[in-house]
Amino acid sequence: MARIIVITSGKGGVGKTTTAAAMAMGLAQRGHRTAVIDFDVGLRNLDLIMGCERRVVYDFVNVINGEANLNQALIRDKRCDSLYVLPASQTRDKEALTQEGVGKVLEELGKGYDYIVCDSPAGIEHGATMAMYFADDAVVVTNPEVSSVRDSDRMLGILASKSRRAETGEEPIKEHLLLTRYSPQRVERGEMLSVQDVQEILSLNLIGVIPESPAVLNASNAGIPVVLDIESSAGKAYNDMVSRYLGEDLPMRFVEAERKGIFSRFFGG
Amino acid sequence: MGLLDVFRASRKKAGSASLAKERLQILVAHDRAFRNRPSYLPKLQQEILAVIRKYVEVDMDAVSVNYEQDETQEILELNIVLPDSGGRG
Ligand SMILES: Nc1ncnc2c1ncn2[C@@H]1O[C@H](COP(=O)(O)OP(=O)(O)OP(=O)(O)O)[C@@H](O)[C@H]1O
Ligand SMILES: [Mg+2]
């Protein structure tokens, strides 16, 4: 049975889809059969970030409604054999994701995969609750900024109460904190909450710190998950995060401001 | 510590991040207490209000219920505001 990972956040636009794409690709690259599902019905961004938007024929809702079977809807990644994408529907109403329907699809998928990564919409609306309901693990994506941190804490409350695991009294969902768009320079200047600050406030297991990086926009422009850009800081940080998820003990990188040379310190700022 | 580091350290204190942290700590503690309070509280509040109103003419918001929890104890605090005078039947 596959392990189900939900990528979630209270506040929107913090980097969930970027993370879902990176984590799914990272797991698949390490040889795990992985499916990544877009739960953001109506918006549908994951296929763009994965670079498979032109190969979408059927979607998640088609499968739930029995208009297509899973194998027709799943798109195999061209770069990695063990990665498949299940795109979201663009037009249907959000209620199309029924708990029963989602449960069935996840169960069927679960037989053939090691990991199922669920890219959730932000907040607590219907699609988000569906994405988290069946989860075994949650990655709570957070920016070092007041409203994002507060909303992440709210998500923790919901993960702990409104999930299958909570309802059946099983071991609770394993929650991980992923801090994204981190800028060590701004932290050093005292303008931005630090990793330690956020951890102190949320007291969660920290699975990674992804620095603010132009490579993320470049990657999304090209439809390539940033984890494949192994030269970039964000790509390296996402790779570390995947390894940590799989049990490796790695130190956090890119959390200290780079020491600039004396010239750039005086002239470049 | 070099001269530049001294500048840096003094700048750090002036930054707004420490303020953000302080505010968040208070807010998150409050949110968590609110989440953890027993689900019967609103009903309890309603029923107490109904009982009080049998005997005293009080406003609909005269009863407030506060719940607090720390490691060792749970505190249920009831506050009932009675009218100034002449309200008693
Ligand atoms: N580490 C980063 N560095 C720079 N830009 C980033 C980083 N992570 C995300 N972004 C940018 O932030 C924006 C939002 O990212 P993304 O779409 O992944 O967020 P989301 O949480 O899925 O949003 P939504 O809530 O709308 O689904 C994008 O423009 C993305 O390029
Ligand atoms: Mg998204």
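Reading a predicted model: cysteines, sheet and helices

Author: This is a predicted model, and the number of disulfides over all its chains is 0.

Reader: How far is the sulfur of A:Cys52 from the closest cysteine sulfur?

Author: A disulfide is a covalent bond between the sulfur atoms of two cysteines. Here the pair must lie within 2.5 Å to count. The closest cysteine sulfur to that of A:Cys52 belongs to A:Cys80, and the separation is 13 Å, too far for a bond. For A:Cys118 the closest cysteine sulfur is in A:Cys52, 16 Å away, and this is also too far for a bond.

Reader: Are A:Cys52 and A:Cys118 buried or exposed?

Author: Buried means under 20% relative accessible area. A:Cys52 counts as buried because its relative accessibility is 3%. A:Cys118 is buried too, with a value of 0%.

Reader: In what order do the strands of the open sheet in chain A run?

Author: Strands of a sheet pair through backbone hydrogen bonds, either parallel or antiparallel. In chain A, 8 strands form an open sheet with mixed pairing, in the order β3-β4-β2-β5-β1-β6-β7-β8. The edges are taken by β3 (75–76) and β8 (205–211) of chain A; each has a single partner strand, so one side of each is left without a neighbour in the sheet.

Reader: How many bridges join β1 to β5 in chain A?

Author: Strand β1 (residues 3–8) and strand β5 (residues 115–119) of chain A run parallel and are joined by 5 bridges. Within this pairing, A:Ile7 stands opposite A:Asp119 of β5(A).

Reader: What does A:Ile4 touch beyond its neighbours within four places in sequence?

Author: A:Ile4 belongs to strand β1 of chain A. Its contacts beyond that range include A:Leu106, A:Ile116, A:Cys118 and A:Phe134, and also A:Ala135, A:Asp136 and A:Asp137. The C-alpha atoms of A:Ile4 and A:Tyr115 are 5.9 Å apart, although 111 residues separate the two along the chain. A:Ile4 counts as buried because its relative accessibility is 8%.

Reader: Which strands does helix α7 of chain A lie across?

Author: Helix α7 (residues 146–161) of chain A lies across β1, β6 (137–142) and β7 (174–182) of chain A. The helix runs at about 165 degrees to β6(A).

Reader: Where is A:Asp240 found, and is A:Asp240 buried or exposed?

Author: A:Asp240 sits in helix α12 (residues 233–245) of chain A. With a relative accessibility of 9%, A:Asp240 counts as buried. Leaving out residues up to four places away in sequence, A:Asp240 touches A:Leu250, A:Pro251 and A:Arg253.

Key. Residues are numbered from 1 along each chain as its sequence is written. Chains are lettered from A and ligands numbered from 1 in the order in which they are written. This is a predicted model: local features need pLDDT of at least 70, side-chain atom pairs count only at pLDDT 80 or more; totals for chains, interfaces and linings use all residues. Side-chain values use heavy atoms; hydrogens and water are left out. Helices (H or I, at least four residues) and strands (E, at least two) are DSSP runs, numbered from the N terminus. Buried means under 20% relative accessible area, exposed over 50%, partly exposed in between (1.4 Å probe, protein chains only). Contact means heavy atoms within 4.5 Å. Two strands pair if DSSP finds at least two bridges between them. Axes are lines fitted to C-alpha atoms, for helices over the stretch in contact, and angles run from 0 to 180 degrees between N-to-C directions.
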